[in-house]
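Student: I would like to work through this model by question and answer. Please show the sequence and structure.

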Amino acid sequence: MTSVKVACLDLTCETVTSLLAYRDWLAGQLAILADQGVSLVLLPAGTGMLLFKASKPPGLNETFPQAVKKLATRAGGYLSDFHDLHRMLARRYNIYLAAGSTWLEQEGTVKHIALLYGPGGGIIGQQAQTHLYKREKEWGWGRGSDLKVWSTHLGRLGMVVGSDAWYPEVGKILCQQGAQILLAPAMVPGPAKPYTTLTGMWQQVQQNQVFALDNWLGGQLVDLRLAGWCAIMAPCEQTPDGTGFLAPLVPPKMTLPKLGKLPQKPLMAKLDFNDVDGPGRLPLGFHSPTLYFHQKYVPHIYEKGV
Amino acid sequence: MLWTDYLKESLWWRYMVLLCRPARLRRYLTRKKIGRYPPQQRVDRHRVRVAAVQVKVKMVNDPLEYVDQMFSLTRGAVHGGAQMIVFPEYNFVQLLGLWPIASKKRGATDLRSVFPISGADIMLKDIFACLSPISQAVYFVTFSELARRFTTYIMAGSLITTDPEGKVVNASHLFGPDGTLIGRQVKTHLAPVENDWGLSAGNDLHFYTTPLGNLALPSCTETSCFELFRQLAWHGAEIALFPTAYHWDYTDWKALRGIWGRVQESAVYGIKSVPVGEGPLNLRFAGRSAIYAPLALTPKGDGILAQAASFDEEEIVLANLDLEALHAYREQHQAGDINRELYEKYMPGAYKQIPTPA
């Protein structure tokens, strides 16, 4: 595959009023994207919670962590609906669909899980968030202990879930396993801070010389006000003005589109794998042999406590 | 080689030794009448004032021109209140102008054409090794004296020099307010062009505890990878003194993927110093020196405490660092999680799969 067309779908919490409304909205969006040759679509994190909320379970007007716990403990029924809906749409439109995320109880803890569906209608895989923000630890979430890369006919895909976007270890581990495109569904508390996006996936893209789709849920979710944002990123050398953004197009001057104002249409871009050795790119294996191969420091620093 | 060439070379070296002798450089600085700068009695950890110097590269015909430039910049920084000053990478290239043939071949793009040396196996590192005694002497005396006379910490930028084992390395040096050399860091991640030159990489990281904070001296390409900064932060570094040199088409966007990003990931302060102007071999340097902090510790939330206004002029960038606020930020910082199980599973194994760089 020399190039692939990808898209991020904007989604705000207020869009999802029922399962049927979500299905119709998503089907309409995917139909448009499929017509335009898009092969891979990313939804933001939290889609499982939006669908759960839309079913109006009792007592859901509490706090977000309480809602998550409720969702995770009742996941069975909701999860099969979630799977069926997204598998059906992925198959109908012949698209790889990273359908956002939900919360599941695994190994006795609640974990934030993102899911990827293939054009055959199958579940390609799921990825748990592997690092937690302070507040997420306080909520009692658990961490995943695996980072998977899936070989598809689009290329090798990896997922960076939620807060993992701000942990460069995650991108590095995925890219060392050959990931070519990173999918990053997230939920970021508002108010919007433009430079936050540059500290997360944008840095991982530049360090690892890889493509990434970044999609943050927007709107009000239970008691959380979220800053919505979408972007498709590449190494600076592979973007029109050297900004590292394929979409939205950012002026070369040091400004960013105002967060919270979502584009009217889905964000689309073409990822060109032919330009993998563009000018100025550092090789992925750009490491000091002694420091890393002899493991002088790497295991040590991660053994040391906080 | 003809006997006349031997004679010329011998006379030239003797002339260089005379020109660059420490006493001459010290006498020059004494005539500057620098005055007394008493040492700071008490350091306020809420207000450590630092400077990043943006140096315009000017090839010199006399080492006193180099001393003069460094003196002016140091004085400017100290008069701005700086207690610690950071100079850029390759803060010695000006001295290559001392070689007479270099001044005649200012537009040369190949160092070998400037310093013709026979021998198929000669690399540029050998040329640097040959020049090292002179550049090292001027560099060390200059910054030792400036640090002592102005009673300030100076990270003198980096110098390509020969280490005690005979390897040619790119090393940064930290001088204390009494003029002693208190720190040295050999660059551990060489740029591709430095590999081509034949330089050797360092294999250790050093950290320095001073009254102005815990310091580390990463340089240039060492900010391409987050791991090194993780190590700095875990070893207690509070401030990264960062000499670098951009000899590609500089843009603010490309610069963001260096120390700015590492400061955000690892919650340290970063003081970045760059050279600007035209160096030898048609190397053009451009960039903006700056002082960075985590987003939440900066007035505009952009991670920048202070930044040079231009990318091609000499400037001194000054800012105050609050070390106590940094520690408070680290305590409250939402990130900072560690997943040991993940790292044990992937980190050593993943790195073993990388082919050894040529």
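Tutor: First a term: helices (H or I, at least four residues) and strands (E, at least two) are DSSP runs, numbered from the N terminus. With that, Ala267(B) is found in the loop between α9 and β9 (269-273) of chain B. Note that the model is predicted.

Student: What is phi for Ala267(B), and is Ala267(B) buried or exposed?

Tutor: Ala267(B) is not a glycine, yet its phi is positive, about 55°. Buried means under 20% relative accessible area. Ala267(B) has 5%, so it is buried.

Student: Where is Tyr90(B), and what is its relative accessible area?

Tutor: Tyr90(B) is not a glycine either, and has a positive phi of about 55°. Its place is in the loop between β2 (84-86) and α4 (100-104) of chain B. Tyr90(B) is buried, and its relative accessible area is 6%.

Student: How do α8(B) and α9(B) pack: parallel, perpendicular or oblique?

Tutor: Helix α8 (residues 226-234) and helix α9 (residues 252-266) of chain B have axes 9 Å apart. Their angle is about 45°. Roughly parallel needs under 35 degrees, and roughly perpendicular needs 65 to 115. α8(B) and α9(B) are therefore oblique.

Student: Which residues make the contact of α8(B) with α9(B), and what is the hand of the crossing?

Tutor: From α8(B) come Phe226(B), Phe229(B), Arg230(B) and Ala233(B). From α9(B) come Ile259(B), Arg262(B), Glu265(B) and Ser266(B). The residues of this contact divide into four nonpolar, one polar and three charged. The crossing of α8(B) and α9(B) is right-handed.

Student: How many bridges join β1(B) to β14(B), and what is the bridge partner of Arg49(B)?

Tutor: Strand β1 (residues 48-56) of chain B and β14(B) run antiparallel. Seven bridges join them. The partner of Arg49(B) in β14(B) is Asn320(B).

Student: Now chain A. What is the strand order of the six-stranded open sheet, and which strands are at the edge?

Tutor: The order is β6-β7-β8-β9-β12-β13 in chain A, with mixed pairing. The twist averages 25° from one strand to the next. Two strands pair on one side only, and these edge strands are β6 (149-152) and β13 of chain A.

Student: What is the bridge partner of Leu213(A) in β12(A)?

Tutor: Strand β9 (residues 211-216) and strand β12 (residues 229-233) of chain A pair in the antiparallel sense. Five bridges link them. In β12(A), Leu213(A) has as its partner Ile232(A).

Student: How many residues of α8(A) are buried?

Tutor: Helix α8 (residues 201-208) of chain A lies across β8 (181-186), β9, β12 and β13 of chain A, at about 175° to β9(A). Its buried residues include Met201(A), Trp202(A) and Val205(A). The helix α8(A) is largely enclosed by the rest of the structure, so the count of buried residues is eight of the eight.

Student: Which residue follows α8(A), with a positive phi?

Tutor: The phi in question is near 55°. The residue is Gln209(A).

Student: Where is Pro248(A), and what is its peptide bond with Ala247(A), cis or trans?

Tutor: Pro248(A) is in the loop between β13 (245-247) and β14 (267-272) of chain A. Omega for the bond from Ala247(A) to Pro248(A) is near -10°. That peptide bond is cis.

Key
Residues are numbered from 1 along each chain as its sequence is written. Chains are lettered from A and ligands numbered from 1 in the order in which they are written. This is a predicted model: local features need pLDDT of at least 70, side-chain atom pairs count only at pLDDT 80 or more; totals for chains, interfaces and linings use all residues. Side-chain values use heavy atoms; hydrogens and water are left out. Axes are lines fitted to C-alpha atoms, for helices over the stretch in contact, and angles run from 0 to 180 degrees between N-to-C directions. Angles under 35 degrees count as roughly parallel, over 145 as roughly antiparallel, 65 to 115 as roughly perpendicular and the rest as oblique. A crossing is left-handed if the near helix is turned anticlockwise from the far one by less than a right angle, and right-handed if clockwise. Contact means heavy atoms within 4.5 Å. Ala, Val, Leu, Ile, Met, Phe, Trp, Tyr, Cys and Pro count as nonpolar, Asp, Glu, Lys and Arg as charged, and the others, Gly among them, as polar. Two strands pair if DSSP finds at least two bridges between them. Buried means under 20% relative accessible area, exposed over 50%, partly exposed in between (1.4 Å probe, protein chains only).
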